[in-house]
Structure formats: structure tokens, C-alpha cells
Amino acid sequence: MSTAATSFPERNAAEVADLVLTPEAAAPEVRMRRTRQRRQMYIGQVASYSLGASVLLLYAFDGAISLDVASLFWFGGLLTIGTFAVLSEAGVGDRFSDHYLTVFQISAHTALQFVFLLSVPTIGVTFISVLFLIFAFGSLRMTSAQAMLTWAIATCGLAAVFLASDLPIGLPVATRLQRTASMLCFVLVIGQCAFLGLFGATLRKVLYRRSIELKAAYQRIEELAELDELTGSYNRRCIMRLLDAAIETSRQASAPCAIALIDLDWFKRINDAHGHPVGDEVLRTFAITVFANIRPVDSFGRYGGEEFLLLLPGTDGEAAASMLERLRSIVADLEWSAFSPGMRVTISAGVVTLRESDTADTFLARADSALYSAKAQGRNRISTN
């Protein structure tokens with residue numbers, strides 16, 4: 001006999017979740033969806049008051065109340081709903097964080113129930129039961145402070161009715177029609193409360209699902225922030241962070257650690273001769289080849305341009321040099337002519353192991369020096385330092 005959530009719970013809950021999770025940048029779209037939700041809510045309220053008025057008609061036909069009570073109840077409900085609908089269409093609610101104006105709606109609908117409770121106390125229980133429905137609706141929207149405020153308002157009203165007056169508040173059950181009307185009153189209120197509960201449960205499920213999706217998306221964003229877009233390897237910022245961590249772990253565990261600074265030989269000539277799209281494919285193919293031939297504990301990142309850094313924790317110099325030699329041979333033996341006839345791609349690498357006095361900068365400087373030595377010796381080779 002008062003406010004109620006409307007439409008299908010899954011769809012409404014999904015839209016509410018979108019509003020909760022939508023960024024402020026999408027304000028026009030958010031306002032449109034809020035307006036649509038409020039319209040659905042007002043339609044539901046009209047239906048709810050219509051059902052309530054129908055129950056009152058049964059009492060009126062039995063002679064328990066005047067027919068005017070049912071009409072006034074319906075028109076009073078429509079007037080209250082219409083007032084908030086006009087405010088909604090004018091965008092008044094969008095100026096507040098609670099765009100439903102929940103406290104004002106609950107107060108207005110509660111006041112209407114008390115007016116009829118005082119006017120027709122012989123069926124007062126029917127109006128009191130509606131308070132449960134009003135607050136069930138409010139529980140979906142209210143904050144803790146709002147709940148306390150509206151509860152206090154309702155408590156004052158009930159105290160005035162029960163303690164400050166001698167009104168004969170009742171529920172007519174003298175005739176079969178009266179008993180039917182009383183039963184329908186409770187059935188309708190319970191049914192609408194159950195619907196609101198279903199809506200709330202669905203909303204929680206949708207929000208939980210959306211939170212999982214957001215968590216996965218955030219994790220994906222974090223991954224993308226650490227990866228080189230072209231090759232899928234770690235970007236420079238990430239590989240440098242991993243280098244610092246590898247150095248710290250190596251020293252704490254007193255374990256060896258090696259790194260290799262790898263450069264694609266004459267890569268500028270490849271871009272000039274075959275074009276940058278082919279050069280990009282070469283870089284991607286090289287990265288895929290490296291990923292296929294390193295251990296899960298190893299880390300591979302793009303250091304800059306055609307230079308890559310490979311971290312080899314727990315690896316001594318001999319094992320690192322052997323691994324890079326195998327990788328060099330694999331790269332040289334790939335069928336690069338598939339990209340462009342006559343193309344040949346090789347790599348050079350400088351391999352060094354961690355020393356006690358090394359910092360990340362000196363570690364990299366020694367690797368760069370070893371790489372320079374490999375290039376000076378004719379490229380397509382591995383140099384250690």
C-alpha cells in the first residue's frame with residue numbers, strides 16, 4: 001500500500017550496480033539511468049497504492065469504512081508520488097548524493113499512513129503494516145544516519161498514536177469480507193516486502209560479481225602497466241624493479257645471480273631495409289623465442305629499443321653463458337626469411353654474474369660492457385665479464 005521497487009530484480013539490480021560503479025566522467029549517462037530508475041520506482045508506487053486502495057474498497061463494500069477513505073487514500077498516494085516525480089524530472093534529486101530523496105520519501109509516505117491511521121483507527125492495523133513495507137524499501141537506499149532519523153520519526157508517530165491517545169486501533173474481522181480484506185492487506189505487504197528482499201539479494205549478487213570483474217580488470221591493468229606493448233615482455237620500469245629484487249634475494253640467500261643484456265644485431269638495418277612493421281614482427285618473434293627457452297623463475301624485459309634484459313636468479317656464470325649461447329644459436333637458426341627473403345637475424349649478449357660490491361647500476365654497467373665487447377668482436381656472440 002506504499003512504495004515498492006519495480007521491474008525485474010536482475011535488471012534493476014544490474015543498473016543500480018552500474019550507477020554505484022560508474023565513474024563521474026559518465027555523468028550524463030548516469031543521470032539518464034537514474035531518471036529511468038526513479039520512473040520505474042514511481043510506477044511501482046502507483047501500483048502499490050492501487051492495490052492498497054483495492055483492499056480498502058473491500059472494507060468499504062462491507063460497510064466497515066466510508067468509500068471516500070479508499071478514494072482519498074489513492075489520491076493522497078498519487079499526490080505524494082506525483083510531487084516527487086516532478087522533483088525527479090526537474091533534476092532536483094541529482095543535486096544530492098541520495099538522488100532518490102529517500103528520507104523525504106519515507107517521511108512523506110509515513111506521514112500519509114499516520115493521517116489515515118488517525119482518521120480511520122478501526123482499520124488502523126492495515127496502515128501500520130504498510131510502515132514495514134515503507135522501511136523495507138528505505139533499507140535498500142538509506143545510510144545508517146538516515147535509517148536512525150526515519151526510525152526516530154516513525155517512533156515518535158507511533159508513540160503519539162499509542163501512548164498519547166485512546167484511539168481504538170483495530171483490524172476488522174467480524175465478517176467474511178472483512179477477514180478477506182485483512183488477509184489481503186498482510187498478503188500484499190508481505191509479498192511486496194519479499195520482492196524488495198529479492199531485489200536487495202540480487203543487488204548484492206550483482207555488486208559482488210561486478211567487484212570480481214573490477215578486480216580482474218584492475219589486475220589486468222596492473223599487468224599491462226608492467227608489460228611492453230609490442231613484445232609482451234616486461235617494460236623497463238618493471239624489469240629494473242625485478243632486478244633490484246633479484247639482487248636483494250641473491251644476497252639474502254647467498255645464491256648466485258646472473259643477468260644478460262641482449263641486443264639484436266644490426267636491427268636498424270632491418271627496419272631500414274624491410275620496414276618498421278617487419279621490424280616489429282622480428283622483435284615479437286624474438287621475444288616469443290626467449291619466453292619458450294627460459295625457466296619460469298627467469299625474468300625477461302625490454303631494456304630499450306632492441307635491447308633486452310634477462311634476469312637469471314640462482315644461476316652462475318658458466319650456466320648463464322651456456323644458456324645464452326644456446327639461445328643465440330636458436331635465434332640464428334630461425335627461418336627469418338619467412339618475414340622477408342634473405343633476412344637473417346642474430347643476437348649479441350653480455351653475460352655477468354653478481355658481485356658482492358655490485359649495485360643495480362654497476363651490475364648493468366658490467367653487462368653493458370660485456371655486450372659492447374661482443375659487438376666489437378663481430379656480433380652474433382656471447383661475451384662474459
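H4 and H6 are roughly parallel to each other, because an angle under 35 degrees counts as roughly parallel and their axes cross at roughly 10°. Keep in mind that this is a predicted model. H4 covers residues 102-119 and H6 covers residues 144-163. Their axes come within 10 Å.

Who makes that contact? On H4, the residues are Val103, Ile106, Ser107, Phe114, Leu117 and Leu118. On H6, they are Gln146, Leu149, Thr150, Ile153, Ala154, Gly157, Leu158 and Val161. By class, the contact of H4 with H6 holds 10 nonpolar residues, four polar ones and no charged ones.

Now bring in H5, residues 124-139. The axes of H5 and H6 come within 12 Å and cross at roughly 175°. An angle over 145 degrees counts as roughly antiparallel, so H5 and H6 are roughly antiparallel to each other. H5 contributes Ile128, Leu131 and Phe135. H6 contributes Thr150, Trp151, Ala154, Leu158 and Phe162. The tally for H5 with H6 is seven nonpolar, one polar and no charged.

The remaining pairing to cover is H4 with H5. Here the axes are 9 Å apart, at an angle of about 175°. That makes H4 roughly antiparallel to H5. From H4, the contact uses Thr102, Ile106, His109, Thr110, Gln113, Phe114, Phe116 and Leu117. From H5, the contact uses Gly124, Phe127, Ile128, Val130, Leu131, Ile134, Phe135 and Gly138.

Leu101 is found in the loop between helix H3, residues 67-89, and H4. Most residues other than glycine have a negative phi. Leu101 has a positive phi of about 50°, although it is not a glycine. Buried or exposed? Leu101 counts as buried, because its relative accessibility is 11% and the cut-off for buried is under 20%.

On to a charged residue. Arg38 sits in helix H2, residues 27-62. Its relative accessible area is 0%, so Arg38 is buried. What does Arg38 touch, beyond its neighbours within four places in sequence? The contacts are Ser88, Asp94, His99 and Tyr100.

Now the rings. How many aromatic pairs are there? The count comes to 10. One of them is Phe300 with Phe308, and this pair is stacked, with 5.2 Å centre to centre and 10° between the planes. Phe300 and Phe308 are both buried. Then take Trp336 with Phe339, a tilted pair, with 6.0 Å centre to centre and 35° between the planes. The burial of these two is worth a look. Trp336 has 2% relative accessibility, so Trp336 counts as buried. Phe339 is partly exposed, because its relative accessible area is 33%.

Tyr49, Phe73, Phe116 and Phe127 form one aromatic cluster. Two of those names have come up already: Phe116 of H4 and Phe127 of H5 belong to the contact of those helices.

Which residues lie over the face of Trp266? One is Arg269, at 3.7 Å from the ring centre. Another is Arg379, at 3.9 Å from the ring centre. Arg379 also has a backbone point to flag: a positive phi of about 70°, although it is not a glycine. Arg379 is in the loop between helix H12, residues 360-376, and strand S5, residues 382-384.

Two glycines to finish. Gly197 lies in helix H7, residues 176-226. Gly197 is partly exposed, because its relative accessible area is 39%. Gly197 and Phe137 are 60 residues apart in sequence, and 8.8 Å apart in space, C-alpha to C-alpha.

Gly350 is in strand S4, residues 347-353. Gly350 has a relative accessible area of 0%, so it is buried. What touches it, not counting residues up to four places away in sequence? Gly350 touches Ile259, Ala260, Leu261, Ala367, Ala370, Leu371 and Ser383.

Technical notes. Residues are numbered from 1 along each chain as its sequence is written. This is a predicted model: local features need pLDDT of at least 70, side-chain atom pairs count only at pLDDT 80 or more; totals for chains, interfaces and linings use all residues. Side-chain values use heavy atoms; hydrogens and water are left out. Axes are lines fitted to C-alpha atoms, for helices over the stretch in contact, and angles run from 0 to 180 degrees between N-to-C directions. Helices (H or I, at least four residues) and strands (E, at least two) are DSSP runs, numbered from the N terminus. Angles under 35 degrees count as roughly parallel, over 145 as roughly antiparallel, 65 to 115 as roughly perpendicular and the rest as oblique. Contact means heavy atoms within 4.5 Å. Ala, Val, Leu, Ile, Met, Phe, Trp, Tyr, Cys and Pro count as nonpolar, Asp, Glu, Lys and Arg as charged, and the others, Gly among them, as polar. Buried means under 20% relative accessible area, exposed over 50%, partly exposed in between (1.4 Å probe, protein chains only). Rings of Phe, Tyr and Trp (its six-membered ring) pair if their centres lie within 6.5 Å; planes under 30 degrees apart count as stacked, over 60 as edge-to-face and the rest as tilted. A charge sits over a ring if NZ of Lys or CZ of Arg is within 6 Å of the ring centre and within 35 degrees of the ring normal.
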